[in-house]
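Good morning, colleagues. I should like to take a few minutes to present one structure, beginning with a helix and ending with the annotated residues.

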Amino acid sequence: HRLPNICTPGVGKTTLGKELASRAGLSYINVGDLAKEGELYEGFDEEYDCPILDEDRVIDELEDKMSEGGVIVDYHGCDFFPERWFHIVFVLRTENSFLYDRLESRGYTGKKLQDNIQCEIFQTLYEEAVLSYKKEIVHQLPSNTPEDLERNLDQIMQWIEQWMKDNN
């Protein structure tokens with residue numbers, strides 16, 4: 001009984017990922033938390049005031065779980081994960097006015113705030129995803145309001161049900 005692996009880079013991914021996991025019976029993995037617990041870092045970035053992820057160690061850590069299937073991976077990007085891991089990638093997009101307030105309320109300031117906004121303006125995440133995966137598995141979803149969240153959950157649940165029919 002196979003289950004799909006899903007990556008949800010972008011904004012609002014944690015709320016979506018957790019809710020989706022509980023509705024669909026998938027496992028939810030927050031890569032940031034995983035790295036923190038296993039100290040999967042290779043240094044510290046002074047400019048961004050945050051540790052630098054050791055991508056190879058993260059991949060080693062997740063490999064077995066990913067090959068079993070049924071995993072939602074929550075990370076702000078997805079371009080360094082092996083292409084074979086994911087059956088679908090949903091990039092969550094937000095309008096900058098919403099994003100600015102959301103990040104500011106989390107205490108993001110200066111460069112970190114600017115870069116997060118820039119990244120969204122230039123569609124960086126979407127472009128990275130399209131370059132890293134087959135175009136047909138990468139989808140964008142709006143992530144501005146609670147209504148968007150509900151709609152996205154419904155849409156992804158439908159996709160999962162269809163995938164299960166096609167692949168089992």
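What covers the buried residues of helix 1? Before I answer, a word on the basis: this is a predicted model, in which local features need pLDDT of at least 70, side-chain atom pairs count only at pLDDT 80 or more, and totals for chains, interfaces and linings use all residues. Residues are numbered from 1 along each chain as its sequence is written, and side-chain values use heavy atoms, with hydrogens and water left out.

The cover includes strand 1 (6-7), strand 2 (27-30), strand 5 (71-74), strand 6 (88-93) and helix 7 (146-167). Helices (H or I, at least four residues) and strands (E, at least two) are DSSP runs, numbered from the N terminus. Contact here means heavy atoms within 4.5 Å.

The buried residues in question are Lys 13, Leu 16, Gly 17, Leu 20 and Ala 21. Seen down the axis of helix 1, they fall within an arc of 125 degrees, so they line one face of the helix; the arc is that of the directions from the helix axis to the C-beta atoms. Buried means under 20% relative accessible area, exposed over 50%, and partly exposed in between, with a 1.4 Å probe and protein chains only. As background, an α-helix has 3.6 residues a turn, so residues three or four places apart point the same way.

The 12 residues of helix 1 should span 16 Å at 1.5 Å a residue, and the end C-alpha atoms are 16 Å apart, which agrees. The expected span is 1.5 Å times one less than the number of residues. Just after helix 1, Gly 25 takes a positive phi of about 70 degrees.

Two strands pair if DSSP finds at least two bridges between them.

Strand 5 pairs in the parallel sense with strand 1 over 2 bridges and with strand 2 over 4 bridges. Val 73 of strand 5 is the bridge partner of Cys 7, and Ile 29 also stands opposite Val 73. Ser 27 stands opposite Val 71. From strand 5, Val 71 and Val 73 point one way, Ile 72 and Asp 74 the other, and all are buried.

Elsewhere, strand 3 (residues 41-45) and strand 4 (residues 50-53) run antiparallel, joined by 3 bridges. They form a hairpin with 4 residues between them, and Asp 49 in the turn has a positive phi of about 55 degrees.

Finally, the record. An unreviewed UniProt entry lists Gly 10, Gly 12, Lys 13, Thr 14, Thr 15 and Arg 106 under "binding site". The lining of the largest pocket includes Gly 10, Gly 12, Lys 13, Thr 14, Thr 15 and Arg 106. On a 1 Å grid over the protein atoms alone, a pocket is an open set of points where a 1.4 Å probe fits, with protein on both sides within 12 Å along at least five of seven lines; lining residues have an atom within 4 Å of a point. UniProt positions are in the numbering used here, feature names are shortened, and annotations may be inferred rather than shown by experiment.

Thr 14 lies in helix 1 and is partly exposed, at 30% relative accessible area. Leaving aside residues up to four places away in sequence, Thr 14 touches Tyr 28, Asn 30 and Asp 74. Arg 106 lies in the loop between helix 4 (96-105) and helix 5 (110-121) and counts as exposed, at 56% relative accessibility.
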